[in-house]
Structures are given as C-alpha cells and as structure tokens.
2 protein chains.
Amino acid sequence: MAEVAAPEFRDLERTLEDRRQKVEAALRRLFVTGRARAVEAAAESSLFAPAKRLRPILSLLAAELLRGDPEAVVPAACAVEMVHTASLILDDLPCMDDAATRRGRPSCHVAHGEATAVLAAFALLNRAFEVLAEGWPGGPDAAGRGRAASELARAIGFDGMIAGQSADLATTERVIDFPTLEFIHSRKTGALFTASAAIGAMAARARPSELASVVAYAKNLGLAFQIVDDLIDATGGTAEAGKDVGKDLKKTTFVSFSGVEGARALARELIAASQAALAPFGTRAEPLRELARYVVTRRR
Amino acid sequence: MAEVAAPEFRDLERTLEDRRQKVEAALRRLFVTGRARAVEAAAESSLFAPAKRLRPILSLLAAELLRGDPEAVVPAACAVEMVHTASLILDDLPCMDDAATRRGRPSCHVAHGEATAVLAAFALLNRAFEVLAEGWPGGPDAAGRGRAASELARAIGFDGMIAGQSADLATTERVIDFPTLEFIHSRKTGALFTASAAIGAMAARARPSELASVVAYAKNLGLAFQIVDDLIDATGGTAEAGKDVGKDLKKTTFVSFSGVEGARALARELIAASQAALAPFGTRAEPLRELARYVVTRRR
C-alpha cells in the first residue's frame with residue numbers, strides 16, 4: 001500500500017496541515033467557557049489533544065470540491081469534531097471500552113473522573129448544536145444551519161452512531177457475522193464521516209447528484225478508516241496508535257474476521273470504491289482522492 | 001401553605017392534565033426509533049415514566065399568556081422535556097448521585113445497565129436538538145427554531161445545567177455557603193425552567209419586556225421548585241417522592257441550610273416574587289400564578 005508517488009503526498013501533507021490549523025484555530029474560538037471549571041477542563045483537554053481532525057477536514061475539502069467557501073464551513077466542521085470528541089470520551093468510559101489512553105494522553109475519565117467525563121461529553125454535544133444554532137459571519141442562513149443540524153443529529157441518532165455503539169456493546173465477547181460487523185462500523189465511524197462530507201457539500205449548495213457522490217465517497221472512506229484502525233490495533237503499539245491497543249482482541253474486528261491480509265484487501269477495495277464515487281468531479285477531486293490514499297496507508 | 005381556594009385548584013388541575021396529555025401525545029409522536037434497540041428501550045422507559053411534565057407545560061402556558069398558539073410550541077416544549085429526562089438519567093448514575101429509583105421506577109442504569117443509560121441520555125439530548133432542527137407544521141421558521149435551540153443550549157451549557165451539576169459534584173460532603181447553594185440550583189433546576197418559559201414566550205413573539213417578565217417568573221419558580229424538592233426529600237418517603245429520598249442528607253440542601261421552616265419561608269418568598277413578575281399581564285396570567293401556588297404546595 002505504498003505505491004503513491006512522493007510529491008503528491010507532500011502536497012497532501014501541506015493541504016492537511018493547513019486545513020488542520022484552520023480547524024484548530026476555529027475550535028479555540030468556538031470553545032467558550034462559563035462557570036463549570038472542572039467540566040470545562042475535561043472537555044478542553046479532550047478536544048485539544050493532538051488529533052488529525054480528519055472529519056472537519058473532510059467537510060472543508062467537500063466544500064472546496066464544490067467551489068464553496070471553506071471558511072464559511074469551518075464552524076459547522078468544528079461542530080462535527082466536538083461530537084466526535086464527545087463520542088471518544090464515552091467510548092473510553094469504564095462501562096464501555098474501559099480504555100486508559102486516548103490521543104496519546106490518559107483518557108478523560110482517568111484524568112478527570114468519571115462524572116466529570118460524562119458531563120464533558122454531554123457539554124461537547126450540546127456545544128456542537130449551539131454553534132450550529134448561533135450561526136457565524138459568512139455562514140449558511142438559519143435554514144441551512146438547520147439542515148446541517150438535522151444531518152448531524154441523524155448521524156448521531158438511533159440509526160447512527162448510537163445504533164452502532166449499542167450493537168457494539170451487545171456483541172462484546174460474542175462472535176458476530178460480517179453484516180453485523182459492517183452495521184456496527186458503518187454507524188460508529190461511517191455515520192460521522194458521511195455527515196462531515198454532507199455538511200461541507202450542503203454548505204456549498206451541492207446539487208442532489210453531487211451530494212450523493214460525496215456521500216458515497218465518505219461512506220466507503222469511513223469504513224476503510226475503521227478497518228485500518230483495526231489493523232493498527234492488531235499490529236501496532238500503544239505509542240503509535242495513541243490509545244490502548246489490543247483491547248479489541250476479545251471483540252470481533254475486521255482483522256479477527258478476515259485476517260490481516262484480508263482486512264488490507266478490503267480496505268483497498270473500499271478506497272477504490274470511494275475514489276470511483278468521485279469520478280464525476282475529474283481532477284478537482286484530487287485532494288479527496290489523496291485523502292483516501294492517506295487514510296489507507298496511515299500508521300496511526 | 002394550603003390557603004388557596006379549592007375551585008381555583010380544580011381549574012388548575014384540569015389545565016395541567018389537559019396540557020400534560022398534549023405533551024404526552026406529542027412526545028410519543030416525536031420519539032422516533034431506529035436500530036438501537038437496547039438504547040431506545042432505555043430512553044423510552046425513562047421518557048415515558050409517569051411525570052408531571054412541568055417544564056413543557058410551562059412553555060405552553062407562557063405561549064398562551066402571550067396569545068401564541070400552544071399547539072405550535074408543543075414540539076419545542078417536548079425538546080426541553082427530553083433534555084430534562086437526559087439530565088435525570090445522568091444525575092442517577094453510580095458516578096453521580098448513585099440513585100436506585102426515579103419517577104417511581106428503577107433508575108435507568110439499574111434497569112438497563114450503565115453503558116446503555118449513558119447512551120440513552122446522549123440520544124435524548126441529540127433528539128431534542130433534532131426536533132428543533134427539523135421543524136413541524138405550524139411551528140416557528142428556521143430562524144425562530146434556531147433561537148429556541150440557542151436558548152436550550154445555553155440553559156444546558158457551561159454556565160447552565162452543566163455548571164450546576166459540576167459545582168454540585170465538587171461540593172458533595174462539604175459544607176457550602178448560601179450563594180454556592182443558590183448558584184448550583186439556579187443552574188441545575190432554574191436554567192431549564194427559564195428556558196422552557198422563554199421558548200414558549202419567544203414562539204408567541206414576545207416583546208423584550210414581556211420576555212423579561214416571563215423569565216423572571218420562571219427563574220424564581222425554578223428555585224422555589226428545588227426548595228420544595230429538598231423539603232419533600234427531607235420530610236417525605238420514597239413512595240411519595242417517586243425517587244430515592246434521604247440521599248441528600250450528606251449534602252448541603254436548602255433544608256439543611258435553613259431548616260424546614262426557613263426553607264418553607266424562602267419558597268413562599270420566591271413564589272411571591274414569581275407572581276409579582278406577572279403583574280403586567282393582569283388576569284391573563286392567572287394560570288401561571290396558580291401553577292406557582294401548585295409548585296409550592298405539591299407533595300411530590
């Protein structure tokens with residue numbers, strides 16, 4: 001999986017770093033504190049731990065693909081990252097995956113206590129919707145922001161991330177079939193990837209066919225991302241992954257199901273499918289194509 | 001505190017029961033399930049346990065006071081109740097108050113497990129914002145719904161409910177002063193009462209002065225409600241309260257701070273202040289005045 005030419009990768013790295021910095025700066029602006037000191041400290045340390053910011057970057061690149069103003073999308077993209085961070089805090093709780101490390105640091109409940117961690121996750125979800133409700137200069141109007149909030153809520157909801165997490169909890173230490181495994185991850189990971197891309201595309205006033213292409217791209221990308229996560233978990237170390245690894249040994253993963261080579265082949269297939277979905281956009285989609293290559297070749 | 005004439009109380013009871021039934025029916029319509037069976041069952045049993053629905057009723061009565069269409073406000077009022085239910089689920093968790101009973105039933109984590117309870121609370125908060133984002137026939141436009149979502153998010157956020165809960169966790173088993181006690185409860189309880197009334201008033205296109213009056217009413221009402229809760233906790237039984245009582249003995253409450261008589265006097269003062277805030281509305285505010293009398297004389 002190292003067939004990508006070096007110069008293109010340097011471009012992608014510059015693009016990712018530039019967009020990542022935009023997202024970091026906006027997250028700082030949008031993280032408004034009040035009088036909940038302990039909970040704010042917990043939310044802040046989780047939100048500003050070193051992170052790739054792939055989901056908000058996906059929103060920005062989707063908007064750019066459709067000639068939208070990426071600056072006008074940044075706060076909505078940050079809302080997705082807040083929700084993602086909230087989901088990581090919950091995933092790590094003792095009653096869920098009971099993980100001690102996340103993003104290279106002690107996980108939120110280890111550093112701040114369980115009650116404070118739960119409130120921090122709740123607060124980050126709340127703040128995500130507050131950002132969308134409040135609006136920002138140059139951003140979509142109230143109707144557009146309402147559509148973004150609907151999209152985000154659907155990605156989280158009873159047929160989204162929460163359905164994936166609920167099924168995941170139900171299947172721990174039980175052998176599951178491939179459709180169940182795909183069900184779990186298309187929702188735990190795929191739903192927010194899809195919402196990220198859709199929110200970016202919608203802000204750029206995507207036509208229905210354009211939106212469908214971008215969503216198909218993101219859906220395949222999200223699943224490929226999860227498979228690579230399973231591969232890193234199965235073959236890497238905690239320092240590389242930045243979180244507890246080996247935790248998934250007792251669970252069915254794409255690696256335990258298909259083996260390392262089988263999982264790699266599946267990730268490549270999904271990436272090919274995600275890139276094929278971008279065909280209508282020609283060379284304008286090159287950054288998103290490279291992002292897909294990056295997702296499948298990354299080591300953490 | 002039983003000086004209120006019987007006929008008025010019968011009217012209020014009819015009003016409360018009528019509005020409560022409207023809220024129940026709308027909550028049923030708005031509780032849309034997906035594929036997260038365990039989490040949905042947990043959220044459903046918490047949301048539809050027998051409840052007074054005081055917060056959404058407050059939204060409806062505030063809208064009616066200002067000649068707004070209460071039907072157009074019902075879904076927004078239900079969003080507040082979803083958030084309130086989510087907060088109860090979290091409050092009862094082992095890492096928070098560790099309560100075994102709520103609304104006369106085993107608390108959510110006792111009946112459904114801790115992980116599922118946390119996800120149910122998260123899902124209810126998410127669904128509240130989804131309802132506001134999606135809109136409904138006869139309801140406010142996207143801008144109006146965005147303002148309601150902002151108001152709700154602010155009531156929950158880092159200077160709202162979460163600040164109250166954060167301070168409450170920090171002060172357990174420590175003697176606190178009166179301003180801290182008031183800080184905690186003005187946020188844990190007061191903030192959602194205030195948001196309920198504001199959302200109802202805003203939907204009825206309240207003028208700024210009208211909104212300020214309704215908010216002042218709700219703020220005092222919320223604090224009075226909490227004091228009466230402390231009184232019921234200190235003097236009643238679990239069956240009466242529908243939740244664990246005596247739990248607060250190790251905490252500073254309005255009763256431990258001021259004694260039973262002192263707390264009763266304070267509740268009466270707050271109710272008088274809440275009723276005084278309604279003076280500009282004359283007799284149209286009679287239902288809200290009676291609601292205040294009910295809140296201070298209730299036994300559960």
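## Overall dimensions of chain A

What radius of gyration does chain A have, with its 300 residues, and what value would a compact globule have? In this predicted model, chain A has a radius of gyration of 18 Å. A compact globule of 300 residues would have one near 19 Å, so the two values agree. The C-alpha trace of chain A spans about 50 × 45 × 35 Å along its principal axes.

## Fold and burial

Chain A contains 13 helices and two strands. Of its 300 residues, 52% count as buried. Among the contacts in chain A with a separation of 6 or more, 73% come from residues 24 or more positions apart.

## Helix α7

Helix α7 of chain A comprises 15 residues, 142-156.

The buried residues of α7(A) include Arg145(A), Gly146(A), Glu151(A), Leu152(A) and Ile156(A). Within chain A, the buried residues of this helix pack against α4 (70-92), α6 (114-134), α8 (161-171) and α9 (178-203). They also pack against α6 (114-134) and α7 (142-156) of chain B.

## Relation between the two chains

The same surface serves both copies, as 100% of the contact residues of chain A recur in chain B.

Notes. Residues numbered from 1 in each chain as written. Chains lettered and ligands numbered in written order. Predicted model: local features only at pLDDT ≥ 70, side-chain atom pairs only at ≥ 80, totals over all residues. Helix = DSSP H or I, 4+ residues; strand = E, 2+ residues; numbered from the N terminus. Expected span 1.5 Å × (residues − 1). Buried ≥ 20, exposed ≤ 12 C-beta atoms within 10 Å, placed from the backbone. Contact = placed C-beta atoms within 7 Å. Rg over C-alpha atoms; globule rule 2.2 N^0.38 Å.
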